[in-house]
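Please keep the model open while reading these notes.

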Amino acid sequence: MTVDSTRKHDVFGVGNALVDILANVDDRFVGQFGLHKGSMALMDSKAQAQVLEHLELQNLKLASGGSAANTMVAIAQSGGSGIYAGKVAHDTYGEFYRKDMQNAGIGFPVEMASETGLPTGTCVVLTTPDAERTMCTHLGISTSLHESEIHRDQIAQCKLSYVEGYLWDAPGPRAACRKTFELSNELGVRAAFTFSDAFLVDRFPEEFRDIVTRHCDIVFCNADEARRFCKNENLEECAAELGSLADLVFITDSARGCVVVEQGAASLVAGFAVQAVDTVGAGDAFAGGVLYGLARGQSPQEAARWGNWLASAVVATVGPRLPAGAVAALANGG
């Protein structure tokens, strides 16, 4: 797959702008709130506050998160560049988010908003000893991202665009996604889409199929999402079906690695053996590595190998992304 190497930035990303609040808990804690381990639950501010009340004695960590934001940071840590569109409020979490993204090396041009009264979105990430993560998400003002905040001139500066499926839950962000796809198609920018979560595949099957068929050059999903999308337990057959809909498909399959489907031909790119500590952010890091590789002219298989390596590094640490400077240090054996 070729991209326009003359463009200034690698990727234009669109996603929910959420501050991640990270905590380590046991299985009992997850069950106490009726949560399904390993899943993401949307909550109002009151329900999320109840979870946080039970974590008040913990030393919680903060990170500018959201799936696509984690991907954009992985691109920057790989040596790439990008622009990110996501909505935050003019509050403490919003200011933290803006500075954190800029410090990570990602352009964040969306204005901080104060007119709605909604707070910056937050996601409480509960990690259990087996490295599974359960997310309690209050989307806050992120649901007010509007298509008017997606700008042609910003997309035109990028080789690729990347949209997360989590945006499909609210009409405003959904319209922003569609505009991103439409402008990308008009401008010759390669458009990528990630399914994000199996529950979204179940909720929006026809819309996702339409996006994949009509607007996407590149699709990201995990094995479970692929099976749910295709309504088929046979992953090889799912890969064939997805490959018939999009030019390039990446299906992650945990430690096994990734199935790459290019022009209908599937190949397995093996993963890296690692002791998992925290699985949060693995898929996001994988997508970041792949997008960086593709933007820099690597083959899909080469890009997938770099994505696999980044994902393995992320699951070996706590949190959704690697610390600043960690990618270079680890790649050099540090």
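1. Start with Val124. Val124 counts as buried because its relative accessibility is 0%; buried means under 20% relative accessible area, exposed over 50%, and partly exposed in between, with a 1.4 Å probe and protein chains only. Val124 belongs to strand β6, residues 121-127. Strands here are DSSP runs of E with at least two residues, helices are runs of H or I with at least four, and both are numbered from the N terminus.

2. A word on the basis. This is a predicted model, in which local features need pLDDT of at least 70 and side-chain atom pairs count only at pLDDT 80 or more, while totals for chains, interfaces and linings use all residues. Residues are numbered from 1 along each chain as its sequence is written, and side-chain values use heavy atoms, with hydrogens and water left out.

3. What surrounds Val124? Leaving aside residues up to four places away in sequence, Val124 touches Ile21, Gln48, Val51, Leu52, Leu55, Thr134, Met135 and Cys136. Contact means heavy atoms within 4.5 Å. Met40 is 84 residues from Val124 in sequence, and their C-alpha atoms are 9.8 Å apart in space.

4. Now the sheet. It is open, with 8 strands in the order β5-β1-β8-β9-β10-β11-β12-β13 and mixed pairing. Two strands pair if DSSP finds at least two bridges between them. β5 (82-85) and β13 (265-270) are the edge strands; each has a single partner strand, so one side of each lacks a neighbour in the sheet. From one strand to the next, the twist averages 20°. Axes are lines fitted to C-alpha atoms, for helices over the stretch in contact, and angles run from 0 to 180 degrees between N-to-C directions.

5. Within the sheet, check β8 against β9. Strands β8 (residues 158-164) and β9 (residues 190-194) run parallel and are joined by 5 bridges. Tyr162 stands opposite Ala192 in β9. Helix α9 (residues 223-230) packs on the sheet, where it touches β10 (218-222) and β11 (248-252). The direction of α9 makes about 105° with that of β10.

6. Look at Ser196. Its phi is near 75°, a positive value in a residue other than glycine. Ser196 sits in the loop between β9 and α7 (198-203). Is Ser196 buried or exposed? Ser196 counts as buried, because its relative accessibility is 15%.

7. Look also at Ser254. Ser254 is not a glycine, yet its phi is positive, at about 50°. The loop between β11 and β12 (257-262) holds Ser254. Ser254 has 73% relative accessibility and therefore counts as exposed.
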